[in-house]
Amino acid sequence: MERAVPHAVPLGQMEVFQALQRLHMTIFSQSVSPCGKFLAAGNNYGQIAIFSLSAALSSEAKEESKKPVVTFQAHDGPVYSMVSTDRHLLSAGDGEVKSWLWAEILKKGCKELWRRQPPYRTSLEVPEINALLLVPKENSLILAGGDCQLHTMDLETGAFTRALRGHTDYIHCLALRERSPEVLSGGEDGAVRLWDLRTAKEVQTIEVYKHEECSRPHNGRWIGCLATDSDWMVCGGGPALTLWHLRSSTPTTIFPMRAPQKHVTFYQDLILSAGQGRCVNQWQLSGELKAQVPGSSPGLLSLSLNQQPAAPECKVLTAAGNSCRVDVFTNLGYRAFSLSF
């Protein structure tokens, strides 16, 4: 396995170094393979680990089955975001996005297929890329982060085709409205902005912190997570986790969660959220807390739902954050086991 380690370190010191790495590890991002049988996890050291979900979920699974099949150095800094196409794993770090072939990753000794850097305003600017979003209908990738812009990249040519400007501070999260070519972005400026991809214009702005029922000034105004489902949006961060009706720009449900939330997603008739604290929270749309399921990390940064039809036996929820472990939930009621770097 390739690891970012100092040169010529004696074996005993190497073990101590790797133990310290694991102790201070943060897993920022996850992505499921197109076949649904593998999970990629990216950490603060720039490493991507590939886990075999099918092996870990097998009735014959051993402890070794919960370790990475392969680990490789993908970026110099943290791997903030990842997404998968039908063939590629795309990963984002400081100022760049890279592509890896899933078929090659699993063979080990993987080399990047390509790397791209958005057209930043100066050559000295190397902002982090916090969010990646695939837009399948136009075969494009949207990336956003520290330069306060949304950059659209044509996946066929690798060219950057437009930059959407409106945020006044860095962007944390993106979500796609699949029925219409619209993208939502949330950031440190406290605004959720809705963009029409046909016109490249901002068509709606919701400044969540200005709504008294959502505002929590002691936590700040930042928006750290958002998700959409048709005319509905859920978002949170400094302000309370809130369900919004987009057409009317109206907050309809305020979820009674004190801790800032870092990831949220719609799942069937529930909303799943995670953030500060060990638990994955399950909410009814009415605002009732259905369950809190504890995991092994003191804080969570990403949730991943494996719903690939090609591997129904690997249909799981995985949660990761401030530790070297990825918790695996085979149903929403309890943590079955943890994968570990």
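This is a predicted model: local features need pLDDT of at least 70, side-chain atom pairs count only at pLDDT 80 or more; totals for chains, interfaces and linings use all residues.
**Notebook: strands, core and cysteines**

I started at Val83, which stands opposite Leu90 in E6. Strands here are DSSP runs of E with at least two residues, and helices are H or I runs of at least four, both numbered from the N terminus. Residues are numbered from 1 along each chain as its sequence is written, and side-chain values use heavy atoms, with hydrogens and water left out.

**The sheet around E5**

I looked up how E5 connects to E6 (residues 88-92): four bridges join them, and the two run antiparallel. Pairing means that DSSP finds at least two bridges between two strands. I then followed the open sheet, four strands in the order E5-E6-E7-E8 with antiparallel pairing. E5 (81-84) and E8 (114-116) are the edge strands with a single partner each, so one side of each has no neighbour in the sheet. On average, neighbouring strands are turned by 20° against each other, direction ignored; the axes are lines fitted to C-alpha atoms, and angles run from 0 to 180 degrees between N-to-C directions.

**The core**

Next I checked the largest nonpolar core, which has 20 residues; Phe51, Val326, Leu339 and Phe341 have the most contacts inside it. A core here is a set of buried Ala, Val, Leu, Ile, Met, Phe, Trp, Tyr and Cys residues joined through side-chain atoms within 4.5 Å. Buried is under 20% relative accessible area, exposed over 50%, partly exposed in between (1.4 Å probe, protein chains only).

I picked out Leu339 and, leaving aside neighbours within four places in sequence, found Leu339 in contact with residues including Leu39, Phe51, Leu53 and Val326. Contact is heavy atoms within 4.5 Å.

For Cys110 the nearest cysteine sulfur is that of Cys35, 15 Å away. For Cys324 the nearest is that of Cys279, 19 Å away. Cys110 is buried at a relative accessible area of 10%, and Cys324 is buried at 8%.

**Whole protein**

I noted three helices and 28 strands. The radius of gyration is 20 Å, close to the 20 Å from the globule rule for 341 residues, so the protein is as compact as a globular protein of that length. That radius is taken over C-alpha atoms, and the rule is 2.2 Å times the number of residues to the power 0.38. Last entry: buried residues make up 55% of the 341.

Terms used
A disulfide is a pair of cysteine sulfur atoms within 2.5 Å.
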